[in-house]
Amino acid sequence: MMQSVAGLAKRAGFVTGAMMLAAAVLLPVSAHAQAQNGLSNLFGGIFSGSNPAPSQPAPGPGGALPWTGEDGASGHPLMTAAAIREAASNFNNCVAGMWPDAARRNITQENFQRFTAGLSPDLRIMDLMDSQPEFTKSIWDYLDILVNDNRLAKGREVLAKYKAQFDATEKATGIDRYIIASIWGIESNYSTQMGDRSVLQSTATLACIGRRQAYFKDEFLSALEILNRGDLRPEQMRGSWAGAFGPTQFMPTAFKRFAVDGDGDGRRDVVDNPTDLIASTANNLKKDGWQAGQTWGYEVVVPQGFNYMLADRAKAMTMAQWEKLGLKRPANQPFPHPAEKAYLLAPAGAQGPGFLMLQNYRVIMKYNPAEAYALAIGHFADRLRGGQPFVQPWPRQERELSRTERLELQQLLAQRGFYKGTPDGQFGGQTREALRNFQASIGVPADGFASSDVLDRLRGR
């Protein structure tokens with residue numbers, strides 16, 4: 001999601017469906033650039049699973065849900081109901097007050113007035129911004145949802161339909177067409193689920209109301225720059241509540257950095273022009289350090305008794321070194337480049353498959369830093385290329401902990417001296433490290449996997 005959002009957001013944005021779900025699966029519930037919590041256009045109530053959804057206010061005109069009028073779950077002072085109402089009452093002045101900054105970006109006064117005329121705040125975004133779903137999906141459920149036969153069939157159609165564009169981009173940039181097609185498919189289900197909120201209204205709302213105003217002011221002004229230049233029309237700039245738009249979900253600032261005019265028509269149209277879309281997505285990956293001709297990683301079989309303290313992004317070793325520790329590819333396939341460095345990811349702990357992640361996996365995580373998202377992108381690309389599903393089974397008998405249970409787990413780890421952070425129900429590197437240290441202290445595999453059994457052991461059961 002071209003600098004999109006995942007409950008956190010690509011380089012600072014927030015996300016749509018796949019991203020938010022990925023954030024809820026593996027990361028500190030957040031993605032590129034430290035945003036926090038998004039909701040999904042693509043999956044709707046996917047977090048609740050079979051659990052009943054909380055009651056919602058009645059839809060307003062056009063079917064849109066209104067703001068609940070409640071304080072935000074983050075507890076931020078700018079997310080209280082009173083602060084939101086006060087900022088909303090000053091919305092028009094706030095937008096008008098951005099004219100000097102717009103002028104410094106060479107936006108004409110005529111265009112500033114034209115594109116901001118009639119803007120009103122979308123306060124429902126305040127609920128979405130601070131949403132904290134109680135239930136999340138497991139990584140295997142997430143992969144099942146995104147990497148499926150229907151999406152693969154559509155992806156192959158897209159690869160065939162736009163073969164000439166993929167050929168040209170691959171030749172010019174060295175970026176693997178299957179990764180580009182994978183991002184397109186997972187971000188928007190091949191342009192069928194891109195979001196329908198006005199990017200201008202969303203970013204203006206967030207620039208004037210709530211806890212990320214400085215960040216979203218830049219996004220709003222960047223959106224105006226795009227329109228002022230004539231790359232896109234306002235009706236094309238529709239997307240997620242946080243302003244990510246188009247088939248590969250660019251944030252406006254990401255569009256400025258990475259969008260290119262692939263066919264030379266003078267416009268960078270990443271919404272309706274496949275040539276520009278493919279070239280721009282490739283440009284993003286290239287500038288983020290994609291290594292041409294290399295893969296993203298390998299599924300590996302981790303031996304019994306392995307020291308999972310080595311499963312850490314900071315502990316990269318060569319393939320040859322990992323092999324000496326007993327890690328092998330399924331069916332004993334060789335590692336093509338034994339000197340390549342990789343780190344071990346064990347997203348389901350000792351009960352599930354392991355993965356050795358290379359530089360290109362890190363690049364996908366720059367696109368969106370949720371591990372589940374990056375794994376889905378890499379795997380979907382391999383499947384589009386003709387590869388097979390993962391060989392090893394996931395521990396499907398395990399259930400995901402609820403947010404209440406995740407909070408409790410962090411609190412219990414803190415009480416025992418393993419966790420030094422503030423419990424928030426969001427599992428990141430600090431929680432995993434604390435969990436591994438606790439597991440090592442009781443003589444079980446220190447894999448950092450938050451299972452219900454580990455929680456029971458912390459409870460003393």
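A residue is called buried when its relative accessible area is under 20%, exposed when it is over 50%, and partly exposed in between (1.4 Å probe, protein chains only). By that rule, 56% of the 461 residues in the protein chain are buried. The model is a predicted one, so local features need pLDDT of at least 70 and side-chain atom pairs count only at pLDDT 80 or more, while totals for chains, interfaces and linings use all residues. Residues are numbered from 1 along each chain as its sequence is written, and side-chain values use heavy atoms, with hydrogens and water left out.

The predictor's confidence in each residue, pLDDT, runs from 0 to 100. The protein chain averages 88, and 86% of the residues score at least 70. Over residues 3-17 the pLDDT is below 50, although this stretch has 126 contacts (heavy atoms within 4.5 Å) beyond near neighbours in sequence in the model. Where pLDDT is low, the predicted coordinates should not be read in detail.

Now for the charged pairs. A salt bridge puts a side-chain nitrogen of Lys or Arg within 4 Å of a carboxyl oxygen of Asp or Glu, and the structure holds 27 of them. One joins the side chains of E225 and R105, at 2.8 Å from N to O. E225 sits in helix α12 and R105 in the loop between α4 and α5, so the pair ties together parts 120 residues apart in sequence; helices here are DSSP runs (H or I, at least four residues), numbered from the N terminus. E225 is buried at 18%, whereas R105 is partly exposed at 24%.

Key: Helices (H or I, at least four residues) and strands (E, at least two) are DSSP runs, numbered from the N terminus.
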